[in-house]
Amino acid sequence: MDDSSNKAGTRCQVGDRSTSDVVVRLRTKDGRDEWLYCHSHILTQQSKYFADRLSEKWPTCQILDSRNCVEVFCLESNFDHHVNLLRLLYVIMDIPADDLWNDVRTVLGILGVAFELECKNIISACVNYLEAVPWEEDEEEEILKVIPHMGPEAKPILARLQPVNPFLVRQIFLSALRLATSSPFSNMHDLKPSAQEQIEYMLTDDDDAPLLMADAELKLEVNDCVKSLLKYFNNLIEIVLDPLHSDGKERNMQVLVFCLTDLSWACRILKKLETMKEFVSNWIDASNKIVKMVEQASVASEVIDTRIGIIEVVAKVLEAIKHGSVILPTPKRVHMVKVWLPFVRTTKSLIDSLANNGVDDLKLKIDADVWELLESAFVSVILALPSGEQAEIITEWLQNQHVIRYPDLTEAFEVWCYRSKVAKRRLSLVGDNHGAAATS
């Protein structure tokens, strides 16, 4: 660009009729019609479209005034973007392109017009801006509608939206997993909730496929991390139960509450990966120590917070057993019910009592759905036990009805009565069938 062009560009302005030598007539199908007085040397220098329209090669160049008026038809929604672009053709000659923008949506509109009018400098400036600045979600959706149709010049804008290499997805997942299962008071504690939330999101199958498909190796990594978390939890219980560590008991109980929150989250991840069995088995093995630890707690707040955390985990363990996603031998299922049924009953009674005494926020810490899930799960698990074990559990429940009705095992009681009454008849039919089969 020579000095004379720079000087001319500095002196000229859109709408300066005294120096204009060409009119750009913007028109819409709705009848909007605006004449903008421009300068051919600027239009042709900044736009290939105008350079072609104002050249001798354009088919209508011999028609009177055809080179003095260029009609541009546009949509009503793009009208203002056309006007802004014509003004920018003058400005971009004197101001650095990076200083022209401050609005993603406006720049996107101008970019669309710049592609239509083949304004190379404006396209470059728009692309550089959109590629570098953050986008709101609605802006991102608009970008995805417009940019893919604009050719290779606009591709840099879409770089941040391209699918990530699966190896990199796996690496960030594993890094987040290690953080999410780290000790409660790590230096990165504030990041743990975010890491846990995003791990769950990456594995969720919603409107889109999961970001990460878990193979056997990945499941093993998850199980190892959860196993470490369980080991840390069990060590804490041992410390709390050890009389030699009584001085730090209150702090250790606080850490236990954080750890229970992590374990509850871990159950959700293991459920998605269908690998709950080892967790459930370890939890049942540790049941007696967990209950003993709560019973020995001396501070009321410790008892409530710990009980609430335990209830959240117990609900997930029972749900896994109820739905058959974890198959356990009868002794473990019996142990699960006999340990945790009284614990759940006592905890519900304690929380209801505190709520009745005006401590309303405590009742809200456990959602009503959790209590319903626990009740339903207990009924299902009990009905899957041998009839003698069912009778023992139901007898204990009936004897405690004067204390608290939760959980309601009425359904289990009724089914047990019916099964017990018809058992001889049913079994005799089975025996007859076996005899008939043997004879035949």
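Modeller: In this predicted model, a residue counts as buried under 20% relative accessible area, as exposed over 50%, and as partly exposed in between.

Colleague: Is Glu-118 buried, exposed or partly exposed?
Modeller: Glu-118 sits in the loop between α5 (104-116) and α6 (120-132), and has a positive phi of about 55° although it is not a glycine. Its relative accessible area is 37%, a value that falls between the limits of 20% and 50%. Glu-118 is therefore classed as partly exposed.

Colleague: How are α8 and α10 oriented to each other?
Modeller: The axes of helix α8 (residues 166-180) and helix α10 (residues 216-241) come within 10 Å and cross at roughly 15°, while α8 passes α10 in a right-handed crossing. Angles under 35 degrees count as roughly parallel, so α8 and α10 are roughly parallel.

Colleague: Which residues of α12 are in the contact with α10?
Modeller: The axes of α10 and helix α12 (residues 277-285) come within 11 Å and cross at roughly 10°, and these helices are therefore roughly parallel to each other. The contact holds 5 nonpolar, 1 polar and 2 charged residues. On the α10 side it is made by Val-226, Lys-227, Leu-230 and Phe-233, and on the α12 side by Glu-278, Phe-279, Asn-282 and Trp-283.

Colleague: With which residues is Asn-252 in contact, leaving aside its neighbours within four places in sequence?
Modeller: Asn-252 is found in helix α11 (residues 249-273), and because its relative accessibility is 13%, it counts as buried. With those sequence neighbours set aside, the contacts of Asn-252 are Leu-236, Ile-239 and Val-240.

Colleague: How many disulfides does the structure hold?
Modeller: Cys-38 counts as buried at 0% relative accessibility, and Cys-259 is also buried at 0%. A disulfide would need a pair of cysteine sulfur atoms within 2.5 Å, and the number of disulfides in the structure is 0.

Notes:
Residues numbered from 1 in each chain as written. Predicted model: local features only at pLDDT ≥ 70, side-chain atom pairs only at ≥ 80, totals over all residues. Heavy atoms only, no water. Buried < 20%, exposed > 50% of the residue type's maximum accessible area, 1.4 Å probe, protein only. Axes fitted to C-alpha atoms, helices over the stretch in contact; angles between N-to-C directions. Helix = DSSP H or I, 4+ residues; strand = E, 2+ residues; numbered from the N terminus. Parallel < 35°, antiparallel > 145°, perpendicular 65-115°, else oblique. Left-handed = near helix turned anticlockwise from the far one by under 90°. Contact = heavy atoms within 4.5 Å. Nonpolar A, V, L, I, M, F, W, Y, C, P; charged D, E, K, R; others polar.
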